[in-house]
Amino acid sequence: MKPAMDGVRPAPAVLVVEDEPHMQFLLTENLELEGYTVRSAETGEAALHELSRRAFDVALVDVMLPRMSGFEVCREVRARGLRLPLIMLTARSEESDRVIGLDLGADDYVAKPFSVRELLARVRAQLRRTAVQPDSREEFVFGDVRVHVGHRLVTRRGHRVEMPTREFELLQYLLAHRGEVVSRDQLLRDVWGYSQVVVTRTVDNFVAKLRLHLEPKPHDPRYLITVHGSGYQLVA
Ligand code: CA
């Protein structure tokens, strides 16, 4: 897998949405030191304005913003169809907050106070996850199943298969790595972005659901194979 910054791609663009000047400075300074292009917004409204003007690779969104909260920003970003990874920042570490954020379409969640190193690792994880997505114009066929990545469309014998976002992202990741053996840890890191609420068994459950959609005989998989002791392999 290529690192996010290999000198060929332009520096990834990060939007920092944070109203506290000290925190905004700390984040901007450290992200710039890592080589990212950083823009900041102090309110949710300003963040949405920035997002409508230029493309970002990832956004860090403080939950506690004046007027429009980080949760509302998150909801609005998804309502506009923007797919960039969103990492929520909050002073509160309650699980309910984390669950709300993830339900509204956030990709990860970091509780304040956090270490800058940890935050940078989360940013890298999100960039890795999106950098390996296959060409969005590509179409993949497994037996009677067709996957159109750009349209996020999966059909089986011509009928649309409804697939929750995370399940589709797992499929997208496996397609980008088809033929490779990918470990559960790799899937947790790149598809779920180290999210604390996820355990290894979650990966297995999602794989089982994908098999129901893709496999002629889900209990005797032909395309999404378990590689004993290593992980999974998509063969097509
Ligand atoms: Ca704040």
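Select Glu-20: with a relative accessible area of 37%, this residue is partly exposed, a label for values between buried (under 20%) and exposed (over 50%), worked out with a 1.4 Å probe on protein chains only. Before moving on, please note that this is a predicted model, in which local features need pLDDT of at least 70, side-chain atom pairs count only at pLDDT 80 or more, and totals for chains, interfaces and linings use all residues. Residues are numbered from 1 along each chain as its sequence is written, and side-chain values use heavy atoms, leaving out hydrogens and water.

**The calcium ion**

Now show the calcium ion together with Glu-20. Which protein donors does the calcium ion have? They are Asp-19 (OD), Glu-20 (OE), Asp-62 (OD) and Met-64 (O), at 2.1 to 2.6 Å from the ion. Donors here are N, O and S atoms within 2.8 Å of the metal (3.2 Å for Na, K and Ca); water is not among the atoms, so sites may look incomplete. Along the chain, the donors follow the spacing D-E-x41-D-x1-M. Distant parts of the chain are linked by Glu-20, in the loop between β1 (13-17) and α1 (21-33), and Asp-62, in strand β3, 42 residues apart. Helices (H or I, at least four residues) and strands (E, at least two) are DSSP runs, numbered from the N terminus. Click on Asp-62 as well: at 1% relative accessibility, this residue counts as buried.

**Backbone turns to look at**

Follow the loop between β3 (58-62) and α3 (70-79) to Arg-67. Arg-67 is not a glycine, yet has a positive phi of about 55 degrees. Most residues other than glycine have a negative phi, and most peptide bonds are trans. Is Arg-67 buried or exposed? At 66% relative accessibility, Arg-67 counts as exposed.

Next, pick Arg-157, in the loop between β8 (153-156) and β9 (159-160). Its phi is also positive, near 45 degrees, and Arg-157 is exposed, with a relative accessible area of 60%.

Then select Lys-112 and Pro-113, which are joined by a cis peptide bond with omega about 0 degrees. Pro-113 sits in the loop between β5 (108-111) and α5.

**Into helix α5**

From there, step to Gln-126 in helix α5 (residues 116-131). At 0% relative accessibility, Gln-126 is buried. Setting aside neighbours within four places in sequence, Gln-126 is in contact with Val-58, Pro-85, Ile-87, Asp-107, Asp-108 and Gly-193, where contact means heavy atoms within 4.5 Å.

**The nonpolar cores**

A nonpolar core is a set of buried Ala, Val, Leu, Ile, Met, Phe, Trp, Tyr and Cys residues joined through side-chain atoms within 4.5 Å. Select Phe-142, Val-147, Leu-170 and Leu-187: of the 28 residues in the largest nonpolar core, these touch the most other members. Elements that each supply at least two residues of this core include β6 (139-142), β7 (145-148), α6 (165-176) and α7 (184-190). Which helix gives the most to this core? The answer is α6, with 6 residues.

Zoom in on Leu-187, whose contacts beyond four places in sequence are Leu-170, Tyr-173, Leu-174, Val-182, Trp-192, Val-203 and Tyr-232. Another core, of 22 residues, lies apart from this one, and Val-17, Leu-48, Val-73 and Leu-84 are among its members.

**Last stop**

Finish at Ala-236, in the segment after β12. Ala-236 is exposed, at 73% relative accessibility.
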